[in-house]
Amino acid sequence: MPKLSRQRRDGRKTDASSNADGVQVLSQPALRPDRETAPKKSKRRPAPEDGAALQALVRKMLVQLGENPDREGLLRTPHRVAASLEFLTAGYQTDPTTVLNQALFHECYDEMVIVKDIDFYSLCEHHLLPFYGKCHVAYIPDGSVVGLSKIPRIVDIYARRLQVQERMTTQIARTLMEVLKPAGVAVVTEARHLCMMMRGIQKQNTVVTNSALLGIFHEDRACREEFMQLIGHRQMG
Ligand SMILES: [Zn+2]
């Protein structure tokens, strides 16, 4: 479950959690807000009868892998894989801007709002293998707040697509920035990539960290550091 904490900007309360032990953290500099990563409109999926087309492709793939798709254990595999892939990429079907707009409230609250430890599961677009981890989101409202359950929902919408972690992180931040128009948004993702763990360099314990810092989180070092401290992250530049 994501943990929520609201933090006074004078930093009186601290609620920093410790990072996972023994993980190597690869930091990346803050993404600039002008980067070309604006969220795209969701695409419509092909007609439902194409589920059969996807199943046929999975069956062909099994043959190409040297398997017999007619043996008992694999008989329903094309059906299961097609259904599973449709679920794991369901984020294309939902427009995150619409989801946020349905839960916006006007509120004179200008302290940092943090939702941390949001679990996410995504598929890397290079290998179609999972990457998964935690996402931490903060924003400082400037007139509008959003229903808190919507923030994990936005993370899911972007995670359930073919992704690279950097783009997913930035899309979450930019969508919140564009719809809420807050003073700033900060998003940090920490993920393990099965394409690194199961194949290739086989770095089993590497955690890749990305951040997107917009508005005041980009401009104000103290604000950024307060966020990093609250999510229990080591300081980044
Ligand atoms: Zn990959």
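Helix H4 (150-159) is mostly covered, with eight of its 10 residues buried, where helices are DSSP runs of H or I with at least four residues and strands are DSSP runs of E with at least two, numbered from the N terminus. A residue is called buried if 20 or more other C-beta atoms lie within 10 Å of its own, exposed if 12 or fewer do, and partly exposed in between, with C-beta atoms placed from the backbone. The structure is a predicted model, in which local features need pLDDT of at least 70 and side-chain atom pairs count only at pLDDT 80 or more, while totals for chains, interfaces and linings use all residues. Residues are numbered from 1 along each chain as its sequence is written.

The buried residues of H4 are Lys150, Ile151, Ile154, Val155, Asp156, Ile157, Tyr158 and Ala159. They pack against helix H3 (96-101), E4, E5, strand E6 (143-146), strand E7 (162-163) and H5, a contact being a pair of residues whose C-beta atoms, placed from the backbone, lie within 7 Å.

## The H4 and H5 crossing

The axes of H4 and H5 come within 10 Å and cross at roughly 135°, axes being lines fitted to C-alpha atoms, for helices over the stretch in contact, with angles that run from 0 to 180 degrees between N-to-C directions. The two helices H4 and H5 are therefore oblique to each other, since angles under 35 degrees count as roughly parallel, over 145 as roughly antiparallel, 65 to 115 as roughly perpendicular and the rest as oblique.

Ile172 itself, leaving aside neighbours within four places in sequence, is in contact with Val137, Ile154, Val155, Tyr158 and Val187.

## The nonpolar core

The largest nonpolar core has 41 residues, of which Val155, Ile172, Leu176, Val185, Val187 and Phe227 touch the most other members; such a core is a set of buried Ala, Val, Leu, Ile, Met, Phe, Trp, Tyr and Cys residues joined through C-beta atoms within 7 Å. At least two residues of this core come from each of several elements, including strand E4 (112-124), strand E5 (130-140), helix H5 (165-180), E8 and strand E9 (206-215). H5 supplies the largest share, seven residues.

E8 pairs with E5 in the antiparallel sense over 10 bridges, strands being paired if DSSP finds at least two bridges between them, and His136 stands opposite Val188 in E8. E8 also runs antiparallel to E9, to which eight bridges join it, and there Gly184 stands opposite Gly215 in E9.

Val187 lies in E8, which spans residues 184-193, and counts as buried because 31 C-beta neighbours lie inside 10 Å. Apart from residues up to four places away in sequence, Val187 touches Cys135, Val137, Thr169, Ile172, Ala173, Ser211 and Ala212. Lys116 is 71 residues from Val187 in sequence, yet the two are 9.5 Å apart in space, C-alpha to C-alpha.

Ser122, in strand E4, is buried, with 26 other C-beta atoms within 10 Å. Beyond residues up to four places away in sequence, Ser122 touches Pro130, Phe131, Tyr132, Ala159, Gln163 and Met168.

Asp220, in the loop between H7 and H8, is partly exposed, with 15 other C-beta atoms within 10 Å.

Terms used: Two residues are in contact if their C-beta atoms, placed from the backbone, lie within 7 Å.
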